[in-house]
Amino acid sequence: METHSQRKRTRLPRSYQNLDFACGVLILLIIVLSPWLFGTTERWSVLTLSVAGLLLGLSTLGKAVIRRSRHLEDCLLDTGASSFRRSLTIVFFLGSSLLLLFAFISALNARATYIPQENRFEYHEFISWLPFSYDRARSWQMFWMYAGLAGFFWGLFDWIHGRTGDERHENAGRQPVLPGRLKMLLWILSLNGALLALEGILQRLSGTTKLLWLREGYWDHPLSSFASFSYRGNAAQYFNLVWPMTLGLWWCLQQEAAHSTRMRVGSGPHILLLPFVILMTVAAIYTSSRGGMIICAGLLLASVVMLLFFGGKTNRFVKVTLISLLLIGLGGGVYLSGHVLRARIGGNQQQNIEPRAEIYKNAQKIITDYPWYGTGPGSFAAIYQLYREDSSEVWHAYLHNDWLEMRVNFGWIGFVLALALLGIVITKSFLPAGLIVPRPFQSLLLLNLGGILLHARFDFPLQIYSTLLLVFLVSCLLFASSPRSALQRG
């Protein structure tokens with residue numbers, strides 16, 4: 001029975017509850033809306049969700065102030081973080097703030113403004129030893145986008161550590177398979193991804209070129225777009241970011257059900273997650289994106305192998321389910337789009353390689369001219385025209401290599417800083433005393449992050465808000481979590 005002090009401890013100030021509720025609503029709205037707003041690729045949609053991210057960050061700051069002033073640390077899940085883990089969190093915060101400051105100074109200290117209507121640059125006075133930009137307007141847009149994503153990252157980090165009502169009343173020794181808020185977040189993300197995948201499959205089968213049956217995409221070719229994305233590659237990247245988390249959620253809930261005496265094997269609402277995974281893997285392949293298909297197949301094979309051989313003790317039902325998932329997901333995608341994929345993979349590969357090689361060669365010239373600070377966040381599309389060997393070459397808006405485009409836009413200084421932040425995220429995920437999650441679930445998150453970073457070597461997922469948002473989400477979960485090898489139950 002709870003003591004009076006324990007009951008009192010669970011009562012949170014109304015102001016804190018309101019801010020916490022607002023944070024949860026903003027997080028879920030950003031996650032749900034980002035793919036449906038045509039991939040959040042247009043200025044109005046990027047600005048809308050960036051403002052929501054900034055509001056989330058401010059609300060999180062308000063929560064932190066109330067917690068500190070009212071001594072409400074017990075309203076968070078007790079992680080008992082080590083001093084080294086806390087130090088890494090501080091270093092990461094300072095490093096991410098420094099990268100954001102880099103983008104701010106680049107926009108403020110712009111060397112030029114690109115005027116697309118007149119296809120010319122308007123040059124300004126600038127300080128040469130500070131970061132600068134060749135496209136002031138675009139750099140400001142990127143700064144506010146990054147600021148909103150930073151607000152989302154820290155807002156999510158704080159919110160998933162919050163205790164649900166049940167968790168505040170549970171005994172300290174009992175530990176669920178996943179924290180309550182993380183579980184809810186993954187359910188909503190999975191359902192949203194499955195609905196988008198279903199819409200995309202039906203849309204492609206109907207033969208329309210309109211996104212969500214509402215408006216035309218940027219290209220007229222019927223296979224260029226998928227679901228709400230004008231570029232099929234971005235659609236595949238989105239699904240390949242969501243379904244591994246859905247598979248991880250299913251595995252965790254299945255393991256929890258296996259330890260329950262009140263639930264039969266294979267029963268429970270989590271069984272719905274398997275059709276969700278199948279829908280998204282089929283959709284990722286059906287987009288007809290070569291990179292999306294290869295990454296999807298590789299991730300699916302690696303995930304199933306990892307869960308079968310390194311996921312701890314599993315029963316026959318789980319083994320059969322995982323193998324069936326692999327066969328149905330790959331088989332369904334190939335069945336729907338086999339003829340298209342054969343044409344794309346078996347076509348003239350030289351025609352596919354030469355344009356990318358041309359872009360990379362021209363980009364290397366930009367890096368040679370601006371090695372340290374780059375040309376400014378988001379400036380690649382404006383500056384690239386100046387480095388074409390002749391005007392007959394295509395004027396590309398994206399480099400199709402985010403690793404290289406990061407060096408063009410941020411130079412070696414920004415690029416190395418971003419790599420250091422990525423290293424902190426991965427390092428912190430292996431340290432004890434974080435938000436406790438099963439080791440196989442965290443391994444799926446690492447596979448997920450590795451898959452999108454590999455895809456970024458040949459495409460531009462990190463330039464699109466909706467896919468970059470999920471990269472931030474996966475990184476935040478890794479940054480907050482700590483693995484355990486088996487379910488711990490009280």
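**Salt bridges across the chain**

In this predicted model, the side chains of K63 and D158 meet in a salt bridge at 2.8 Å, N to O, where the term stands for a side-chain nitrogen of Lys or Arg within 4 Å of a carboxyl oxygen of Asp or Glu. K63 sits in helix α3 and D158 in helix α5, residues 136–160, so the pair ties together parts that are 95 residues apart in sequence; helices here are DSSP runs of H or I with at least four residues, and strands are runs of E with at least two, numbered from the N terminus. Both K63 and D158 are buried, meaning under 20% relative accessible area, with exposed being over 50% and partly exposed in between, for a 1.4 Å probe and protein chains only.

A second salt bridge joins the side chains of E42 and R215, at 2.2 Å, N to O. E42 belongs to the loop between α2 and α3, whereas R215 is in strand β4, 173 residues away. E42 counts as buried because its relative accessibility is 17%, while R215, at 23%, counts as partly exposed.

Altogether the structure holds eight salt bridges, and the chain has 16 helices and six strands. Of its 490 residues, 54% count as buried.

As for conventions, residues are numbered from 1 along each chain as its sequence is written. Local features need pLDDT of at least 70 and side-chain atom pairs 80 or more, while totals for chains, interfaces and linings use all residues, and side-chain values use heavy atoms, leaving out hydrogens and water.
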